[in-house]
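Visitor: I'm new to this one. Could you show me how to read it?
Guide: Happy to. Let's look at it together.

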Amino acid sequence: MGRTVGIDLGTTNSLVAYLDPQTGQPKCIPGPAGSTLCPSVVSLDPDGSIIVGEPARRRLLTQPERTIYSVKRLMGRGPADIQSELKLFPFRIDPASTNVIRVQLGDRVFTPPEISSFILRELKNWAEAYFGEPVDRAVVTVPAYFNDAQRQATKDAGKLAGLEVLRLVNEPTAAALAYGLHEKQRGKVAVYDLGGGTFDISILKLISTSDGDIYQVLSTNGDTHLGGDDIDNLLQAFVHEQILQTDPIDFSPHGELAQELRRELIALKHKLSEADSASLRFPLPNGKIFTREFTRGSLDALIRPVIDRTMVPVKQALADAHLKPTEMDEVVLVGGTTRTPLIRRTVQELFDRKPHTELNPDEVVALGAAVQANILDHGVQGMLLLDVTPLSLGIETYGGAVAKVIPRNSTIPASAQELYTTGVDNQTGIDIHVLQGERELAKDCRSLARFNLRVPPAPAGLPRIEVKFLIDANGILQVGAKDVRTGTEHTIEVQPSYGLNDNDIERMLEESIEYAEQDFTERQVIEARAEGEAILSATAKALVNPNSANLSAPERAKIDLSVTALKQMMQGTDYKQIRKQMDDLNHATEHLAELLMNAALQSAFEGKKLAEV
Amino acid sequence: MASPLPIANAPLVCWNCHERTVGTHFCSSCGKVLQVPNNSDYFAMFEIPRKLWIEMGALEQKFLQLSWKLHPDNYVNATPEEREVSLKRSSELNDAYRTLRDPVGRVEYLLAIEGARKEGQTKQQAPPELLEEVFELNESLDELREARESGGDTASLKQRLHSAGKNFETKLGELDGELQNAAGQWDKALESNDPSQRDSAKAKLNDLLNRRSYIRNLVINVQKELL
């Protein structure tokens, strides 16, 4: 069994972390370029290979039609849900998409879980390179306010990336775990998490018991489509308008120019978090240069509406926890967007206390995921997380109304039983429609699944079928049914309303092999074999050198034996054994290398292995 | 039922070692987490009598204590069967805590397991002593809706509805008080082990729940109209 890691699959950046057994503290793993942030950008190279992270981000400018960012916004959503996003984001949706969205990259189409799986696989590779060991299990974080379909899509992405997703953990809860371990906090904690594309607020109670610390989430709320992206969109729309006043430039959202401007504006936004003013210089295609001075005040005016939108979920979460803002003991800020000074000030004023920002807001969620990964890997040790379901689960009843069966903010796992019977004689099925949301009418809630409950023919009202709805510790729904009279249990095939079914996933898993880098072991075997070949050919070359005649018979025999053993090992797939035989052969040929070197009398050869001579 | 003995202590066969066991949550023989017996209930799960007055601090302690042991986090590396049992037990523990913590949900649940919850016709009918006021309130609601459709003056109608709504909110508060008294009656009847007193307490609780749900719906409807 390989290692278990924690992964923050973010809208803008993704990270992978692990718990360092030496220090007992979580740590983010850097990629090949040294940064722990992997931009959540995926590009399809014209040669068919998949490019992820910083190199893909650079292609946003050069190959925008083959490159996608912010794919998290599309996870678990149907074509009808995303119409408003399409105006703001350069997503190219395959017009043939039915209930599952397909995104076009160049001449190929991918589902959002597939694109996310490329990001997860990249992080898996980072971690494997770092440990020198395979990684096959992960805790992946999701926005607390993600619904069932969005969670399921994230879990599917993990599966497609070759990772067993041990648990989906809510991002603000993960952040609280990281802070709890860091600062030994106690009492009531509010976590305000404004990321690239999502906003969450969670209210937790940290309890010390004789068994250890319990992190109990009291309530959570949020908006899965509100984040730094929205600030960028506002800024971009504002500057477009300014430019259009003097120059009729075409800013199609798919174009390179729009991407270039966006990049400049994001840099400008970051500068304004540090400085009071910053200037934008943007060369236009007509040769002119658009120049403008921005003050922090002008940015604040622009982002005020975004902050105001976060206050609605904050108030609801506090009300659900039956707490006032001033009753919180600690406030924690999470997500890159909370670097904005106006957000820090607003949060501080609301809760009347200075928010915690000690841990890097980009890393803190991944760090918490690593803590939870360690708990799951080694069993609960002095730390337990009790999370809640963010949305009420309901069943459509007569007339399109919704009967709530599991209220929002119920501790998960949570379940509910409903008893069903038939209305007419010999009725063989009952249609059940499961929904998620707070509204009273089914049409205003999120459809999770519809299924037909099979009933044995009987007089009306006689069958008694108990349907059990269970939300597991990942916040994902499971449904089971039991015939109360006979006691037989039915398994129910629940077809998700907006998601991949098992066949889809099976097919994608097959297809993903085409893109997947070979798994860790396979790569190791290939590398070891290649190095083995090099040593074998160097040895063969040395043995035909006349100077090799000076080897003693036992020496020669030992070399021949080692060569045979190595060749044999290279037939197999045990890369450790291959490397061991390589070492043996290197050892056996030490004298041979010496002889050759002495003969050549070339000091440049000194201290080199035979393979290098 | 003669005494509220926790039923979960009745003999049960362990799914894992197949021994007869007397544990409530864990097998007394092999220590594995146990399936919930079919006849268990939320009170039994917390090993408390079926009383409506519950000491919240003790309930929370017990909840946290059991959470440590039953939560699926403990069973990630267990067999699929044990994982399944843990998921089920852990969800039932959370369901139980959610229900018992809520003063009204607790009464609903008690009556359901005592077989004494009868929603039936009374749920849809106005309590007799309130008939007149309910009639007036519904009239105000209709008038407001009509005025809104015809574009007429709604301000004074809203004012009238608002004060009528306040009146019912007060009644809801009174009902909660009555519910608390009836809950006390039930607890006493349980202690004295008097079947007739228990039955009358249950009937009273059932009646109060129906009234409460009727009035609560009215209040919610009024609030929605006034939004």
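Visitor: Which strands does helix α1 of chain A lie across?
Guide: Start with the ground rules: this is a predicted model, where local features need pLDDT of at least 70, side-chain atom pairs count only at pLDDT 80 or more, and totals for chains, interfaces and linings use all residues. Residues are numbered from 1 along each chain as its sequence is written, with chains lettered from A and ligands numbered from 1 in the order in which they are written. Helices (H or I, at least four residues) and strands (E, at least two) are DSSP runs, numbered from the N terminus. Here α1 (residues 54-62) of chain A lies across β5, β6 and β7 of chain A, and runs at about 70 degrees to β5(A). Such angles go from 0 to 180 degrees between N-to-C directions, with axes fitted to C-alpha atoms, for helices over the stretch in contact. Contact means C-beta atoms, placed from the backbone, within 7 Å.

Visitor: In what order do the three strands of the open sheet come?
Guide: Strands pair if DSSP finds at least two bridges between them. In chain A the order is β6-β5-β7, with antiparallel pairing. β6 (50-52) and β7 (67-69) of chain A are at the edges with a single partner strand each, so one side of each has no neighbour in the sheet.

Visitor: How many bridges join β5(A) and β6(A)?
Guide: Three, with β5 covering residues 41-44 of chain A. Val42(A) sits opposite Val52(A) in β6(A).

Visitor: How many residues of chain A are in contact with chain B?
Guide: 21, meeting 15 residues of chain B. β18(A) gives the most to that side of chain A, three residues.

How values were computed: Contact = placed C-beta atoms within 7 Å.
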